[in-house]
Amino acid sequence: MAMMEGMVRMEKIHVTVWNENLHEKFDQKVAEIYPEGIHGTIAAFLSKECDMEVGTATLEMPEHGLTEEVLNRTDVLIWWGHMGHDKVDDAIVNRVYARIMDGMGLIVLHSGHASKIFRKICGTNSQDLKWRENNEKEILWVVKPGHPIVQGLGEKIVLEHEETYGEHFNIPEPDELIFISWFSGGDVFRSGCCYNRGKGKVFYFKPGHESFPIYHNPEIQKVIVNAVRWAAPAKDLPQIHYGHVPTPPAEE
Ligand code: ZN
């Protein structure tokens with residue numbers, strides 16, 4: 001039995017990659033960068049990890065592809081959205097939120113900062129930030145070098161061209177701040193933020209503007225792979241009871 005100690009989890013992590021999949025349809029340049037959609041590219045590199053089983057879901061699918069059945073078997077949900085935030089049904093947002101409270105991990109990418117689900121998690125207007133598309137260089141500096149999300153990376157990730165996001169970013173103080181980005185235009189941005197919500201772990205990761213090949217970058221892929229493992233729920237978490245509870249009998 002001693003051999004069991006220190007073994008990694010034996011069940012695979014079930015990942016669902018959700019994408020609104022709109023830019024890919026309406027913008028030829030984006031379709032060329034992501035011929036299988038942003039979700040297809042992310043699912044493809046995650047599928048190379050032997051401990052992950054990956055599915056995809058998009059806005060146009062019934063229930064946006066996020067049925068009870070799909071969510072109940074999802075350990076980590078990845079979210080990319082931009083143009084279609086308002087088209088996401090509130091009932092589905094509430095269903096995703098409930099699963100996070102119950103332990104499902106969530107990774108919110110790039111313009112997902114303004115998604116309904118991330119705004120609900122933040123409780124602040126996380127739409128508020130500065131932005132411009134000016135092909136600036138971005139350097140993501142690691143500010144939490146002992147964290148599992150930065151395992152296998154150097155102390156920074158350099159993206160020659162990305163959309164600029166700048167502070168102030170109107171989010172609650174992250175429970176853990178993993179990356180701060182510098183941009184050649186002078187802005188800085190909290191670009192890797194961890195939150196705990198209920199039993200769930202949430203990671204916001206800034207890179208991934210649709211007109212740059214960001215999700216083909218091996219270091220960005222590494223961060224997302226690491227984040228999936230970090231956000232995957234531990235097994236057999238305690239049942240939590242909210243609301244009125246009767247006085248327990250006096251102990252003998
Ligand atoms: Zn963008």
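Which residues does Ile 78 touch, not counting residues up to four places away in sequence? Let me start there, with the reminder that we're looking at a predicted model.

So, Ile 78. Going along the chain, Ile 78 touches Val 15, Thr 16, Val 17 and Trp 18, then Ile 42 and Leu 46, then Ile 107 and Leu 109, and finally Ile 224 and Val 228, again leaving out residues up to four places away in sequence. If you want to find it on the screen, look in the largest nonpolar core, which has 41 residues. Ile 78 is among those with the most contacts inside that core, along with Leu 46, Phe 179 and Phe 203. And the element that gives the most to this core is helix H7, residues 218–231, with 8 residues.

There's also a second, separate core, this one of 30 residues. Trp 79, Ile 100, Phe 118 and Ile 121 are included in it.

Hold on to Phe 118, as it takes us to the aromatics. The count comes to 10 aromatic pairs. Take Phe 118 with Tyr 204: the ring centres are 5.4 Å apart and the planes sit at 25°, so we call that pair stacked.

Next pair: Phe 169 and Phe 189. These are stacked as well, 4.6 Å centre to centre with 25° between the planes. Phe 169 is in the loop between strands S6 and S7, while Phe 189 is in strand S8, so the pair ties together parts 20 residues apart in sequence. Phe 169 is buried at 0% relative accessibility, and Phe 189 likewise comes out at 0% and buried.

Now put those together. Phe 118, Tyr 204, Phe 169 and Phe 189 belong to one aromatic cluster that also includes Tyr 165 and Tyr 195.

Last stop, something charged. Glu 24 is in helix H1, residues 23–26. What's curious here? Glu 24 is buried yet has no salt bridge. The nearest side chain of opposite charge is Lys 25, and that's 8.0 Å away. What Glu 24 does have is a polar contact of 2.8 Å, side chain to side chain, with Asn 19. Leaving aside neighbours within four places in sequence, Glu 24 is in contact with Asn 19, Val 30, Ala 31, Tyr 34, Gly 37 and Ile 38.

That's my tour, thanks.

Key:
Residues numbered from 1 in each chain as written. Predicted model: local features only at pLDDT ≥ 70, side-chain atom pairs only at ≥ 80, totals over all residues. Heavy atoms only, no water. Helix = DSSP H or I, 4+ residues; strand = E, 2+ residues; numbered from the N terminus. Buried < 20%, exposed > 50% of the residue type's maximum accessible area, 1.4 Å probe, protein only. Lys, Arg positive; Asp, Glu negative; His and termini not counted. Salt bridge = Lys/Arg side-chain N within 4 Å of Asp/Glu carboxyl O. Polar contact = N/O pair within 3.5 Å; in protein donor to acceptor, adjacent residues only side chain to side chain. Contact = heavy atoms within 4.5 Å. Core = buried A, V, L, I, M, F, W, Y, C linked by side-chain atoms within 4.5 Å. Phe/Tyr/Trp six-rings, centres within 6.5 Å; stacked < 30°, edge-to-face > 60°.
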